[in-house]
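Okay, thanks for coming, everyone.

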Amino acid sequence: MTIVGAKQSIILFIMLILVQGFEYSWTKCDKCDEKHFCNCSSRHLQQVPKVPVNAVGLDLSFNQIESIDSNDLGLYSELKNLNLHMNKLKFIHEEAFNSQHKLEVLDLSFNNLKNLSSSWFHDLNSLQHLNLLVNPYTTLGPAPLFWSLSNLRTLQFGSPSLSKVYRNGLDGLTHLDEITFVGSNLRSYENGSFRAAQPIGLVSMSLQGLFQKDPELVSKILRDVSHPETMLIIKDVILRTNTSVEPFKELKEGGTTSLTLLNSTTTDEAVTYFLFIMNGSALSYIGLEDVHLVGKGWWQKATFTDYKSLHTAYIRNLDIQGFFEFSSMVQLAFLLKHLQKVSVINGTVFVIPHITSVFLKNIEYLDLSKNLLSDLTIKETLYTGQGVFHNLNTLNVSENSLKSFQLITSLVAKLKSLIHLDISHNSFVSMPEECMWPTTLKFLNLSSIKLRKLTPCLPSSLTVLDLSENDLTVFHQRFPKLTKLILSGNRFMKLPQGELFLNLKTLLIQRNALHMFNGKALRRYRNLQFLEAGQNNFVCSCDFVAFFRQDVDYFVTLQDGHRNYVCDTPFTLRGDTIDSVRLSVFECYMIPAVSVLCSLTVLVLGIIVVTCHKLHIVWYLQMTKAWIQAKRKPAVGRSATEIRYDAFVSYSQHDAEWVEEILVPELESAHPPFALCLHKRDFRPGRWIVDNIIDSIEKSHRTLFVLSEHFVSSEWCRYELDFSHFRIVDEHNDSAVLILLEPIKKETIPKRFCKLRKIMNSRTYLEWPEDEENKSEFWSHLRFALRRDIVEE
């Protein structure tokens with residue numbers, strides 16, 4: 001092999017390793033939570049990744065997967081949810097889902113599947129929700145696709161490319177509750193294709209353009225889905241002419257009771273014709289959401305129609321072209337007089353004239369939220385004369401432009417049946433001290449109205465009160481019937497007094513300024529069962545942490561979960577969940593811990609002091625220090641010219657009389673005389689006494705110790721004895737001469753006098769005799785000892 005070929009092989013080998021490593025990292029996904037749900041969305045995956053075999057959910061949406069082979073999902077038999085939304089799927093093996101016996105949700109929407117196979121679903125016995133929307137398949141059938149999905153509840157299918165639906169498309173779906181169908185370009189539909197074994201609860205259809213292009217085909221579809229128990233939603237349609245409205249005749253024939261138009265466009269003419277063809281129908285609910293209306297509201301031709309069954313109208317985001325030219329709703333009086341529930345949400349309504357509202361005598365529910373009602377128009381809108389709003393029990397005027405709290409309370413006070421009132425998201429700012437309310441009022445929503453202070457204005461009859469998202473800091477009013485109180489998003493620093501709410505069961509007080517709460521505060525709420533107090537600035541003190549971790553669940557159920565309770569202070573714990581906090585003994589019991597520590601310290605120090613006293617440690621340390629200092633000094637020569645004394649006399653001050661009057665005269669008058677060094681007369685004045693002792697011992701041939709009981713108890717005698725012993729050890733001589741002035745038992749000598757014990761055991765000492773006849777012998781022996789020592793040296 002040439003060098004060039006070898007280099008190429010090495011390069012190819014390295015590239016292969018890199019590619020394999022790249023593919024491995026690209027196809028592995030371990031981002032799974034504690035519930036075994038793996039989120040692998042938006043990872044640029046090109047194939048089904050490796051995940052834990054116990055995965056229950058797998059989200060593969062927004063990737064680039066083009067195919068699923070037979071073994072890609074074989075290991076994941078525990079899957080209940082598989083999401084392949086928005087990939088590039090072109091191919092799915094017929095046995096790809098054979099192992100998914102527990103799969104309940106399958107989303108294959110927004111892919112490139114040109115053909116659907118019934119083999120995919122053969123073993124999906126547990127499947128309840130299937131989404132096949134927006135794939136480029138062109139037909140549904142002819143073979144039954146879903147016959148094995150006996151437990152399927154929700155089916156979403158169809159796309160702009162779908163052109164033909166065969167009759168047996170929904171065969172086998174015996175428990176279907178909801179279908180969503182997209183067929184904007186459908187060209188062929190066999191009768192009975194969407195007729196299920198039993199009525200479908202909700203049918204949502206996007207039939208954009210079909211009402212204009214092929215009304216007959218739409219009629220076939222509506223004929224199959226119309227049923228009194230089916231809620232029908234029709235989306236993305238344009239209804240401009242009578243012809244485009246013709247298919248709705250099938251709804252009347254089928255007995256449809258609920259119809260919603262979503263994201264659609266219509267005209268006065270189309271609405272009038274719709275009302276005409278639906279005359280006398282069973283329609284009880286009509287909804288208009290995101291609808292664009294072209295016209296001025298001239299529907300006189302439909303005034304003779306009968307809609308006694310219609311009791312609910314839901315209108316949301318209605319856009320009326322030329323709104324200010326739109327006529328009064330009086331022309332719809334034939335509809336209004338039967339309505340019980342009316343919702344006009346985000347519809348630029350600024351007033352309901354009383355000539356219109358007088359027809360709302362049967363109204364029980366009125367939602368005018370997100371409109372343009374003001375203090376100037378609300379009085380006209382809530383006109384209560386002639387029995388109007390006599391049965392109204394729910395009123396929602398939230399997110400308008402109301403400012404006078406007293407005005408709104410005076411108006412609703414006339415609504416004698418009112419139970420629910422929502423005036424949230426207005427700009428009331430303040431409330432008066434006294435207000436009038438209907439005695440029936442139980443549910444009141446005052447959230448986000450910029451309140452800073454509460455007054456006795458609020459009614460005591462309430463069972464549910466929402467004061468969230470205001471600027472409240474205190475709460476002092478009593479509500480004996482209140483069962484639910486919402487105070488989230490205010491500035492409360494502590495829980496309100498529980499004695500004010502004898503029947504309160506649920507308290508929500510998140511996002512306030514709470515630092516902590518305890519069992520004493522919760523015990524005041526006699527019937528409190530549920531609490532949501534997370535997302536506050538909790539101070540994680542020892543007491544609060546201990547209470548929260550051990551006792552809080554005995555008092556209440558935290559509906560928002562323990563994870564929402566996070567420490568704000570101290571700084572070292574900020575962001576930690578309270579359940580995860582571990583505080584030390586010193587942090588929790590500072591004063592007792594410090595007291596115990598101080599006591600132990602004092603005790604140990606006391607023991608050390610007593611021990612040192614008993615063992616004379618201090619004395620030994622002092623001796624060691626003195627000896628070290630002596631050793632650090634320049635060595636003293638031992639030449640004869642530097643020896644000034646024959647002996648240094650070490651004695652106790654209590655024995656000075658014997659030394660000065662007997663010992664010294666006897667020795668200094670001898671022939672030849674002895675030169676003695678006495679501390680009393682020979683120590684240099686002003687010099688440190690230890691230096692004097694060391695210097696005197698160093699300049700003397702011998703050290704003469706006059707031993708007695710007083711000597712043993714003398715501090716300086718001990719120094720002199722030890723320094724003499726240092727000299728004996730350092731110079732290897734016998735420079736010590738002992739005179740026992742009085743009998744001393746060796747066992748009575750303190751242990752710290754170990755040097756004295758050693759010297760008395762190793763050397764002969766002279767005893768001062770009590771008899772006169774023995775004294776001459778004593779002096780003779782002493783002179784001999786001193787002379788002998790001198791001669792030996």
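Helices here are DSSP runs of H or I with at least four residues, strands are runs of E with at least two, and both are numbered from the N terminus. Keep in mind that this is a predicted model: local features need pLDDT of at least 70, side-chain atom pairs count only at pLDDT 80 or more, and totals for chains, interfaces and linings use all residues. Residues are numbered from 1 along each chain as its sequence is written, and side-chain values use heavy atoms, with hydrogens and water left out.

So, helix α15, residues 590-615: that's where Leu603 sits. Buried or exposed, this Leu603? It's exposed, at 51% relative accessible area; the cut-offs are under 20% for buried, over 50% for exposed, and partly exposed in between, with a 1.4 Å probe and protein chains only.

Now the rings. They pair if the centres lie within 6.5 Å, and planes under 30 degrees apart are stacked, over 60 edge-to-face, the rest tilted; that goes for Phe, Tyr and Trp, using the six-membered ring of Trp. How many aromatic pairs does the structure hold? There are 26. Take Phe475 and Phe501: edge-to-face, 5.3 Å centre to centre, with 75° between the planes. Phe475 is in the loop between β25 (464-466) and β26 (484-486), Phe501 in the loop between β26 and β27 (506-508), so the pair ties together parts 26 residues apart in sequence. Both Phe475 and Phe501 are buried.

Then there's Phe517 with Phe547: the centres are 6.2 Å apart and the planes at 90°, so that's edge-to-face. Phe517 and Phe547 are buried too.
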